[in-house]
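Keep the viewer open as you read.

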Amino acid sequence: MLKIYFYTLEIALFSTLIAAAVGVPMAYFTARRRFFGRSLLLSMSAVSLCVPSLIVALGYVSFWGINGSVNRLLGTSFSFLYTTAGIVIAQGFYNVPFVTGIVSDAWERLPREQENAARLLGAGEARILRTVTLRQLSGAIGAACIPVFLFCYFSFMIVLLFSPVGKSTLEVEIYHSIRTTLDVAAGAKLAALETLTAFGLVFLYGFVARRSQTASSGVDYVAGERRGLGASSGIFFPLLFLILIFLICPLFSVFVSGAGELGKLFNSSSFWKAVLHSLETGLATGFLCTLLGFAYSVAVKLGRKQGSVILQTLPLLPMAISSVVISWGATMLFHQGTPALLVALQTALYWPIAYRQIQNGINRITYETDAAARLLSRGWFDGVLRIYLPACLPVLISAFAYCFAISLGDATMPLVLSIRNFDTLALYTYKLAGAYRFGQACACGGIVAAISMIIFLAGKKNELL
């Protein structure tokens, strides 16, 4: 058990280090430099949220696999995929845009007074970066890296497909305990160990996130001057090359590998059933997550409890429970997976994402508007309908899009629940890959990725409007 535990921590740690080592420098360029493709690079922060890890795994097989694009081009048969390094590289670069997006936003909003004062005192740029800028960004970097560590800690599909012989992580071993060896006692011990560690990380994340918000509170955003790359191009282009070959090309290869199999896929009745099931599940999950997130946000606002540490930490708790563990617990309790149970479990795990989006919208309602609503409304419910709901409509749509996209890409819960005659698009993609129908798997995976990103970006654009 300890061997599996430390191997899980090792993979999560090194994956997070890769994401930070590439993501933080790229955040500097997107925040302080002007270059072609900057907006596209920032928009890719949606990748780790809306593109399923299964699709990333398919992309790596298509691009870096033994029969992948790289080996066909070079005429070799080398592949690093089915090793610990393959898992770490795939997970690390999968989360690079997430780190870049969060840190870049914080970097743009940093006050310049301390940096300018350090320059007047004769400090060089390297020393200013080390002693001033990175110290100011420490909260934002922590707020980006801890979720990435949790994503990698709970990683299932990438590890399931790329894990070398004799190696396993907690999440994969729990799945095998409940589906293969039927060793419930061992699975329960692993689940308890995994969840307790995750709870500690979630509480740490809550502290770091509050510190990050406190550090940036009261600072008015003033766009700083963006210069060209200049001498720093020697750092920028190698980083961009790494992102290109370890993230963009693998994702693009999914669409290329599946393009010729779309006809076969569209002629399959199983595919269209999976489409229908995915739409049903995604719409229901998105609606319930948005409703629950809005209700909780309104309750906190009406109770004037925005500063309550307990109420702000409560929505973080689902981050400490993995999809495999909660699905296994549900099957132990209800004995049989159903579509309604799938929607309920996805809602339980994803509603904090909706809450975070909606909370930002509710916090924009000024004290004067809130006081007028309380005074002039016939009751609190009337005030919510007339003031809160219209004011939060853009973020409600955005929250719905986020949760719909995440539900659409979830293959883990449907796999563990094993619902009879019920395949979602993500699960159908996994089954195609398991049946060695790789072209059709890429075609189906490309459709999942395209739909998820379109919905995600449409929701993000609506929020900005």
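Tyr153 touches Tyr5, Thr8, Leu9, Ala12, Leu170, Leu193, Glu194, Thr197 and Ala198, leaving aside residues up to four places away in sequence; a contact here means heavy atoms within 4.5 Å. This is a predicted model, so local features need pLDDT of at least 70 and side-chain atom pairs count only at pLDDT 80 or more, while totals for chains, interfaces and linings use all residues. Residues are numbered from 1 along each chain as its sequence is written, and side-chain values use heavy atoms, with hydrogens and water left out.

Tyr153 also shows up, with Tyr60 and Trp64, among the residues with the most contacts inside the largest nonpolar core, which has 105 residues. Such a core is a set of buried Ala, Val, Leu, Ile, Met, Phe, Trp, Tyr and Cys residues joined through side-chain atoms within 4.5 Å. Buried means under 20% relative accessible area, exposed over 50%, and partly exposed in between (1.4 Å probe, protein chains only). Helix H1 (residues 2-32) gives this core its largest share, 14 residues; helices are DSSP runs of H or I with at least four residues, numbered from the N terminus. There's a second, separate core of 30 residues, including Phe294 and Met413.

Now for the rings. The whole structure holds 22 aromatic pairs, where rings of Phe, Tyr and Trp (its six-membered ring) pair if their centres lie within 6.5 Å, with planes under 30 degrees apart counted as stacked, over 60 as edge-to-face and the rest as tilted. Phe29 and Phe236 sit with ring centres 5.1 Å apart and planes at 65 degrees, so they're edge-to-face. Phe29 is in helix H1 and Phe236 in helix H13 (residues 233-259), so the pair ties together parts 207 residues apart in sequence. Both Phe29 and Phe236 are buried.

What about charges? The count comes to 2 salt bridges, each being a side-chain nitrogen of Lys or Arg within 4 Å of a carboxyl oxygen of Asp or Glu. Asp423 and Lys431 meet in one at 2.8 Å, N to O. Glu261 and Lys264 form a salt bridge too, their closest N and O atoms 3.8 Å apart. Glu261 is partly exposed at 22% relative accessible area, whereas Lys264 is exposed at 54%.

Conventions. Helices (H or I, at least four residues) and strands (E, at least two) are DSSP runs, numbered from the N terminus.
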